[in-house]
Amino acid sequence: IFDEVSRRTPVIADLKPGGRFMAPDMSAAGGSALLGQRLQEAGLLTDAPTVTGKSLFEEFAGARETPGQEVILSAAKPLKQRGGFGILFGNIAPEGCVVKLAGHDQMLMDGPAKVYDGEEACFAAVTHGEIKPGDIVVIRNEGPVGGPGMREMLAITAAIQGRGLGDTVALVTDGRFSGATYGFMVGHVAPEAALGGPIAKLRTGDRVVIDVERQVIETDADLDAREAPALKPRGAGSCGAFAKYAMLVGSASQGAVTSGADR
């Protein structure tokens with residue numbers, strides 16, 4: 001359902017990090033009410049009650065567009081035809097993963113994996129020039145259990161951009177990304193490496209395909225014939241509250257809740 005909604009919802013707010021403007025500019029242009037009004041006009045929203053006592057559409061009715069503003073566009077002339085993310089499945093992520101599409105037009109990549117256990121190892125590889133154009137960087141053991149807590153890979157994507165590789169490299173991780181993360185980024189890979197997910201079996205040199213239109217992330221390597229390495233929660237996950245969290249948290253595909261029911 002998330003992928004379906006993203007496919008039919010255009011990007012109509014020209015905001016950073018993928019666009020030109022910032023939140024104060026949007027506010028000056030007409031604010032979230034104007035944005036909602038445009039989505040309402042396109043038939044992409046359903047009316048609903050709000051905490052003010054008015055309905056959602058009643059709130060939008062008060063929108064006032066600033067003449068000449070360029071921040072909030074229309075669904076007829078969007079910044080991009082589809083939303084800023086997609087959901088992929090495949091033998092690398094049987095339970096799914098999330099690909100970030102905002103800020104770039106990349107929809108397909110096919111290349112060799114460069115595999116690293118943890119953000120720090122990958123960051124060192126980027127700064128020492130190990131990553132080349134066409135590589136698909138894989139950072140594993142950063143999921144809810146392995147992190148523990150799913151760190152965002154903002155430092156890595158910033159380093160990749162700094163090396164001038166932002167348009168030629170993809171990043172795949174069982175960790176997460178933030179709104180400020182830039183580039184062709186696949187996160188929330190599930191099951192994660194620390195739970196024996198297929199991403200744990202990937203090796204440097206394996207061919208990886210990321211195909212957004214087909215909703216596929218896969219490798220032609222025979223992962224079933226490999227044993228997953230014994231990965232454990234890193235660092236702070238060895239004791240205290242972090243260890244308790246790592247022991248109880250479930251898969252990212254189920255919300256990474258701490259009931260432990262899906263473990």
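Reader: What share of the 263 residues is buried?
Author: Buried residues make up 45% of the 263. Buried means under 20% relative accessible area, exposed over 50%, and partly exposed in between, with a 1.4 Å probe and protein chains only. This is a predicted model, where local features need pLDDT of at least 70, side-chain atom pairs count only at pLDDT 80 or more, and totals for chains, interfaces and linings use all residues. Residues are numbered from 1 along each chain as its sequence is written, and side-chain values use heavy atoms, with hydrogens and water left out.

Reader: How many helices and strands?
Author: Seven helices and eight strands. They are DSSP runs, numbered from the N terminus: helices are H or I with at least four residues, strands E with at least two.

Reader: What is the radius of gyration, and what would a compact globule have?
Author: The protein has 20 Å; a compact globule of 263 residues would be near 18 Å, so the value agrees. The radius is taken over C-alpha atoms, and the globule rule is 2.2 Å times the number of residues to the power 0.38. The C-alpha trace spans about 60 × 40 × 30 Å along its principal axes.

Reader: Cysteines next. How many disulfides?
Author: Zero, by the rule used. That rule asks for a pair of cysteine sulfur atoms within 2.5 Å. Cysteine 97 is in none; its nearest cysteine sulfur, in cysteine 122, is 17 Å away.

Reader: Switching to α3. Which of its residues are buried?
Author: Helix α3 covers residues 31-41, and its buried residues are Gly31, Leu34, Gly36, Gln37, Arg38 and Leu39. Their cover includes α2 (23-29) and α4 (56-60). Just after α3, glycine 43 has a positive phi of about 75 degrees.

Reader: Where does valine 138 sit, and what does it touch?
Author: Valine 138 is in strand β4, residues 136-140. It is buried at 1% relative accessibility. Leaving aside neighbours within four places in sequence, valine 138 is in contact (heavy atoms within 4.5 Å) with Ala113, Lys114, Val115, Tyr116, Val172, Ile199 and Leu202. Leucine 171 is 33 residues from valine 138 in sequence, yet 5.9 Å from it in space, C-alpha to C-alpha.

Reader: And threonine 173, what does that touch?
Author: Threonine 173 lies in β5, residues 170-173, and is buried at 0%. Not counting residues up to four places away, its contacts include Ile139, Met153, His188 and Ile199.

Reader: Which peptide bonds are cis?
Author: Glycine 147 to proline 148 is cis, with omega near -15 degrees. Alanine 190 to proline 191 is also cis, with omega about 0 degrees. Proline 148 is in the loop between β4 and α6 (154-162). Proline 191 is in the loop between β6 (184-190) and β7 (207-211).

Reader: Which residues have a positive phi although not glycine?
Author: Asparagine 141, at about 65 degrees, and methionine 150, at about 60 degrees. Most residues other than glycine have a negative phi. Asparagine 141 is buried at 4%; methionine 150 is buried at 8%.
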